[in-house]
Amino acid sequence: MAGPKYPDFDTLALHAGQSPDPATGSRAVPIYQTTSYVFRDTEHAASLFNMERAGHVYSRISNPTVAVLEERVAALEGGVGAIATASGQAALHLAVATLMGAGDHVVASGSLYGGSHNLLGYTLRRFGIGTTFVDPRDLDGWKKAIRPNTRLLFGETLGNPGLDVLDVPAVAAIAHDAKVPLLVDATFTTPYLMNHFGLGADLLYHSATKFLGGHGVAIGGVLVDSGRFDWEASGRFATLTAPYEGFHGMDFEEESGTRAFLLRARREGLRDFGACMAPMTAFQILQGIETLHVRMPRHVENTRAVVAFLAKHPQVEKVVYPELESHPDHALARRLLPKGAGAVFSFEIKGGRPAGRKFIESLRVFSHLANVGDAKSLVIHPATTTHYRMSDADLVKSGITAGTVRLSIGLESGADLIEDLDRALNVAAKQAAAKP
Amino acid sequence: MDLAVDGRRAFCYTASHAFDPGKPTLVFVHGAGLEHSAFGLQSRYFGYHGRNVLAVDLPGHGRSEGPPLPTIGAMADWLFGVLDAQEIAAASIVGHSMGALVALEAANRRPERVERIACIGVAYPMKVSEAFLEAARKNEQTAFDMETIWGHAPQVPLGGNPNPGMWMYGDTLARLARLAPGVLHGDLKACNDYASDFAGVKCPVLFILGKRDLMTPPRAAAALTQKLPNAQVEVVELSGHSLMAEAPDDTLDALVGFFSEIRTDRPGR
């Protein structure tokens, strides 16, 4: 008998979760565009509803095409399973709602995507779930923010907007000492760039809209469980370890052990909140995942070239990218992100808002829009778009300046990207010189 | 449900049902390094279909207190301790892999207390390679990798899981990660060392075997199935060793057919 070997990442990206369709032989993942599934008989129906048999009942709960995506992402992340959701925000909400209720508490990194900050800081607070935001680099801050009612630590593997690298092993250790799990938003790192569960995270999610899908055509999220957190031993998670009246008195941990979190998230969260993924969306995201291992190295290669160019450009005040020695998390990035620190970063253009506006309007290859992780290169100038109402002083409080420009580097020719940036920077410089 | 066996906590999953002395009892015994939820779908089914279900966590596994038991015989005796704790005179047993050896040995030792047994993914002798045993003894990750990869059919990492959204390799690795050091080695050694003439096994025995099983291929069970006087064999075409996860419906259908021959109105004690 040969020694054991797991399929490589590249193979899993193409195959995990799907065998050729047994009904038709279809090699591509079929799009099961159906709401529901015919039962063999009444006994079969009852068994499916009562979780005595595996299978699909209604596409809000599970769907064969969506299940391929879920299993594939779980395989790439090394989790026990996954649940695909309508968006990355839906995945975050599903995770929180599965673990806690009114009166419970989250400790979160303060360097979050704005939508996540809004959900935790404002919306969930209205439902009785409080959040304390901490500086992600301040490990003592994480510890001190934990309360008896804390149920979750949460951060982005690469934070917004300063690309703070989350010290996943250290924050996971803090979480585990407090008997709570660590959830990470892994959107910017993808399973290709970081081994999230291997570093100690317990749960993760992706905005699959970004690098997983990779082509800017579909909104979706994926929530993945490592299966490593022992809910029973923690004693803090009644949603998973106490009988649940909403499902025949089921104790999810007793019922399914390592799968307890996903079981409740699917059987309650998708059932009741309903933020499921459509099969067509799952198909589109799967097309992206099939080339994730090919695209990510090119994203990183182009990013490094652009970063090197910008770092020397006279019109650039500074570049914020963890691979630069000037970044405060440079050493951590080398340790946790050996394949690269992603393809989203920011730089500060000289000349403030007018220069930033002129720069954006002068670009030809980069697209000016509110997204990241596309195959095409993207740009946004927060001071004139997402943060345009803020004063310069308030921008600084948010970690950016009037000259901050965020780039998401795509798969075009690196030389063409640099030429585009160079030309736009020079136009902006002329404007700045003409209107001091 | 928690019982006390030999003065220690013994956990049994009951599918959220209170014990009913008017119903026959099915005991589920898991394989090496696993626990009761390996039978999640199947045990739940029987709990909702006229049976008392006792899906046990063997000592030192899951929620049951240790230490783990060193031999298949000791596990079989412990199982009778579970029946005693519930005052059950006789029961049927479903065992997977190591648990199937426990079921056979229980029927061999106390035939009057075992009505029927179903052996899922079993071979006899159940020899474990030196490399596997040694890696497990050292609690090396390689042992968990062997258990995971050889514990499933070769197509599993590239195929679809019947349980939507789940990744079987990841689930097995997560289960093994929760084990105390040495438990897997103890289980594998118990399987490797087990020997019996099965002279006492007279009850009906169902073998459910996976055609693509790398650990206990059907050919490795052939001598055993031919030796027992009252045996029947079902081979599941597309499954490997983890039949309850890889082919949950086929496994359940085989169990339902086999155990439907027991009258459900007959008291279990």
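Mentor: Let's start with a term: a residue is buried if 20 or more other C-beta atoms, placed from the backbone, lie within 10 Å of its own, exposed if 12 or fewer, and partly exposed in between. This is a predicted model, where local features need pLDDT of at least 70, side-chain atom pairs count only at pLDDT 80 or more, and totals for chains, interfaces and linings use all residues. Residues are numbered from 1 along each chain as its sequence is written, with chains lettered from A and ligands numbered from 1 in the order in which they are written.

Trainee: Which residues of E5(B) lie on each side?

Mentor: B:Ala91, B:Ile93 and B:Gly95 are on one side, B:Ser92, B:Val94 and B:His96 on the other, and all are buried.

Trainee: How do you know that E5(B) pairs with strand E3 (residues 25-29) of chain B?

Mentor: Pairing takes at least two bridges found by DSSP. E3(B) and E5(B) have 4, in the parallel sense, and B:Leu26 has B:Ser92 as its bridge partner. E5(B) also pairs with strand E6 (residues 114-120) of chain B, parallel again, over 5 bridges; there B:Ile93 is partnered by B:Ile117.

Trainee: Why is the unit of E5(B), helix H3 (residues 98-109) of chain B and E6(B) called right-handed?

Mentor: With the strands pointing away from the viewer, a right-handed crossover runs clockwise from the first strand over the helix to the second. E5(B), H3(B) and E6(B) make a β-α-β unit of that hand.

Notes
Helices (H or I, at least four residues) and strands (E, at least two) are DSSP runs, numbered from the N terminus.
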